[in-house]
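Hi there,

Here is the structure I promised to pass on. Have a look at it first, and my notes follow just below.

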Amino acid sequence: QLVTAKILESGLIQSKLGDLREHYASKMRLMLESLRENGLKPIYQPQDGFFCLVNTNTYAEELLLKAVKLGVAFVPASEFYFDNTGHTNIRLSIGPVDKSLIPEGVNRLVKALNQNEQA
């Protein structure tokens with residue numbers, strides 16, 4: 001706690017916030033662009049943050065199994081709904097992913113969706 005307090009007091013975090021915000025915002029813009037290019041629309045337009053919700057019109061749990069085999073993962077979003085809905089929605093994160101991998105990840109997600117539709 002002392003180390004964290006010293007870092008916060010030093011202003012180091014505040015001095016990096018602008019760069020961090022732009023870094024993550026550019027990753028989100030790239031993901032949203034990649035989704036749109038592949039015919040997928042976010043449920044809402046994220047203003048900030050690391051996550052985006054997308055309705056896949058297919059059961060997310062089944063889609064996840066296919067997606068993982070193709071090397072891409074997401075979180076089924078139904079766990080974030082209190083009314084037992086959202087079973088076709090997925091939660092995508094840009095946080096830990098290298099920016100250069102985002103378009104390929106979206107392509108793999110679309111491939112999994114196409115496989116799921118053919119099944």
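**Notes on the model**

Ile13 counts as partly exposed, because its relative accessibility is 37%. Please keep in mind as you read on that this is a predicted model.

Ile13 sits in helix H2, and together with Val3, Ile7, Leu8 and Leu12 it makes a nonpolar surface patch of about 420 Å². Which helices supply the patch? Helix H1 (2-10) and helix H2 (12-37) each give at least two residues to it. The largest share, three residues, comes from H1.

Next, H2 itself. This helix has 26 residues, and from its first C-alpha to its last it reaches 38 Å, close to the 38 Å expected at 1.5 Å a residue. If you trace H2 along its length, you will also find a kink of about 35°, centred on Gly18. Just after the helix, Gly39 takes a positive phi of about 80°.

Which residues of H2 are buried? They are Ser26, Lys27, Met28, Leu30, Met31, Leu32, Ser34 and Leu35. As for their partners, these buried residues pack against strand E1 (51-55), strand E3 (89-93) and helix H4 (102-118).

- Arg29 pairs with Glu22, and the closest N and O atoms are 2.7 Å apart. Arg29 counts as partly exposed because its relative accessibility is 46%, and Glu22 is partly exposed as well, at 44%.
- Arg108 pairs with Glu104, at 3.0 Å from N to O. These two are four residues apart in helix H4, so about one helical turn separates them. Arg108 is partly exposed at 33% relative accessibility, and Glu104 is partly exposed with a relative accessible area of 37%.

Last, a word on the backbone. Most residues other than glycine have a negative phi. Which residues here have a positive phi although they are not glycine? Asn57 is one of them, with a phi of about 60°, and Asn84 is another, with a phi near 60°.

Where do they lie? Asn57 is in the loop between E1 and helix H3 (60-69), while Asn84 is in the loop between strand E2 (75-76) and E3. Asn57 counts as exposed because its relative accessible area is 67%, and Asn84 counts as exposed because its relative accessibility is 60%.

That is what I have for now. Happy browsing!

Best wishes

Note on methods
Residues numbered from 1 in each chain as written. Predicted model: local features only at pLDDT ≥ 70, side-chain atom pairs only at ≥ 80, totals over all residues. Heavy atoms only, no water. Patch = residues over 30% accessible without salt bridge, like charges linked within 9 Å, V, L, I, M, F, W, Y side chains within 5 Å. Areas by Shrake-Rupley, 256 points an atom, 1.4 Å probe, with all protein chains shown as cover. Salt bridge = Lys/Arg side-chain N within 4 Å of Asp/Glu carboxyl O. Buried < 20%, exposed > 50% of the residue type's maximum accessible area, 1.4 Å probe, protein only. Expected span 1.5 Å × (residues − 1). Bend = angle between axes of the 7 residues up to and from the residue. Contact = heavy atoms within 4.5 Å.
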